[in-house]
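Morning, everyone. I have one protein to walk through, so please look at the screen.

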Amino acid sequence: MTWATKLLVAGVTVAVAIGSAFGRDAGAARTGGEDRVVVRGRATLDGASFDAPYVGAVVKRHGLVTPCQQTLPRVRNGRFALTVYPRTESTGCGVAGSEIFLWTFVQDQIIYSTQSVRWPGNGEKARFDPAFSISAPSGGVGPIVGFAGEIFDRRNRRLPPGAHVQAYIGKTRCAVATTRRIDDFTGFSIDVVGPDSIPECAIGATITFRVDGRDAHETAVNQPGQGSSLNLSLP
C-alpha cells in the first residue's frame, strides 16, 4: 500500500503512523522506545462493541492536537492495544499534563473518542475504555484539519527525520509535529486546530508553516475536514 493510498483510505491526513502500521519506524532505533506508553482497553461505538481496521491516538496539550501513535492496530470486538509516542521522541506528543484521545475509522470516516486518558508517565501503561459516537465524529478533540507530506530544502533535497514543523495562523501557533521516516517515506503529519481549542486559530484563515525556524513557501486554509497531502519547500 503506497503512502498516497494510505491517506485516501483514512479519508484525511491522520498521522504519519498510518505508514508505520505497515513498516519500520526509524525513531525506535534512535531512542530505544523506553519512554513510549501502551494504552489498552475496550472501546464502544454508540454503546456497543465494534470491529475496525484502525485505532490511533492524538495527544492534546495546551489546546494543540498532535498525532502520536506508533502503529495502527485493529479493533476486535472493541478490544485494542496501541503504543503512543512521548515528547522525547516527537514534538507535541506525550508529557506530564497532556491527554490522550483515541480515534478509529468506521463507516468511511475518522471518529475521535469523547473522553481522554491522562498521560500516565513515560514508559508506563494506561487502561482506557474510550467511547465513540457516529453523531459526534470530532469527539472531545474538536474540529481539526490534517496535512501530511514531505519537506524539501532549496536544493530540492528531502529533509531527514527530526525536523520540527509548526503551523501558524497569524502569530499564533496552531499545530506542531516532527518529521519521521517510515520505510521509504520521510515526512510529517500535522493536525491544525480551530477556535474551539485555541481562539486565534480561526476557521477559514490562512495557515503558514515553519520548519526548524524557516518559513515554508506553501500555505493552506484552516478548513476542518478538508485536509490533504501537502509537500513543503524551504527557501
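Ground rules first. This is a predicted model: local features need pLDDT of at least 70, side-chain atom pairs count only at pLDDT 80 or more, and totals for chains, interfaces and linings use all residues. Residues are numbered from 1 along each chain as its sequence is written, and side-chain values use heavy atoms, with hydrogens and water left out.

Overall fold. The protein has 3 helices and 20 strands. Those are DSSP runs, numbered from the N terminus: helices are H or I with at least four residues, strands are E with at least two. There are 235 residues, and 53% of them are buried. Buried means under 20% relative accessible area, exposed means over 50%, and partly exposed is in between, with a 1.4 Å probe and protein chains only. The accessible surface is about 10,200 Å². Carbon and sulfur atoms hold 47% of that surface. Areas come from the Shrake-Rupley method with a 1.4 Å probe; for residues, only the protein chains shown count as cover.

Now contacts, meaning heavy atoms within 4.5 Å. Take those between residues at least 6 apart in sequence: 64% of them join residues at least 24 apart.

Next, disulfides. A disulfide is a covalent bond between the sulfur atoms of two cysteines. Here the rule is a pair of cysteine sulfur atoms within 2.5 Å. How many disulfides does that rule give? The count is 2. Counting bonded cysteines along the chain, the pattern is 1-2, 3-4.

Take C68 and C93. Their sulfur atoms are 2.0 Å apart. C68 sits in the loop between β4 and β5 (79–84), and C93 in the loop between β5 and β6 (99–106), so the pair ties together parts that are 25 residues apart in sequence. The torsion about the S-S bond of C68 and C93 is about -100°, so this disulfide is left-handed. Both C68 and C93 are buried.

Now C174 and C201. They are joined by a disulfide too, S to S 2.0 Å. C174 lies in strand β14 and C201 in the loop between β16 (185–193) and β17 (206–211), so this pair ties together parts that are 27 residues apart in sequence. The C174 and C201 link is left-handed, with -100° about the S-S bond. C174 and C201 are both buried.

On to the second largest pocket. Rolling a probe the size of a water molecule over the atoms shows where empty space is left. The search runs on a 1 Å grid over the protein atoms alone; a pocket is an open set of points where a 1.4 Å probe fits, with protein on both sides within 12 Å along at least five of seven lines. Lining residues have an atom within 4 Å of a point. Grid points are joined across faces, edges and corners, and the volume is the space filled by probe spheres set on the points.

The second largest pocket holds about 190 Å³ of space. Which strands each supply at least two residues of its lining? They are β3 (55–61), β4 (64–67) and β14 (172–178). The lining residues include V59, R61, H62, R87, R173 and V176. C93, from the disulfide with C68, also lines this pocket. By class, the lining has 4 nonpolar, 4 polar and 3 charged residues. Ala, Val, Leu, Ile, Met, Phe, Trp, Tyr, Cys and Pro count as nonpolar, Asp, Glu, Lys and Arg as charged, and the others, Gly among them, as polar.

T66 is another lining residue. Its place is in strand β4. T66 is buried, at 2% relative accessible area. Leaving out residues up to four places away in sequence, T66 touches A57, V58, V59, T91, G92, C93 and V176.

Now E124 and R127. E124 is in the loop between β8 (117–118) and β9 (125–127). E124 is partly exposed, at 43%. V37 is 87 residues from E124 in sequence, yet 5.4 Å away, C-alpha to C-alpha. R127 is in strand β9. R127 is exposed, at 55% relative accessibility. R127 and G41 are 86 residues apart along the chain, with C-alpha atoms separated by 5.6 Å.

Last, backbone angles. D46, in the loop between β2 (44–45) and β3, has a positive phi near 50°. D46 is partly exposed, at 47%. Q107 has phi near 50°, a positive value in a residue other than glycine. Q107 is found in the loop between β6 and β7 (109–112), and counts as exposed at 60%.
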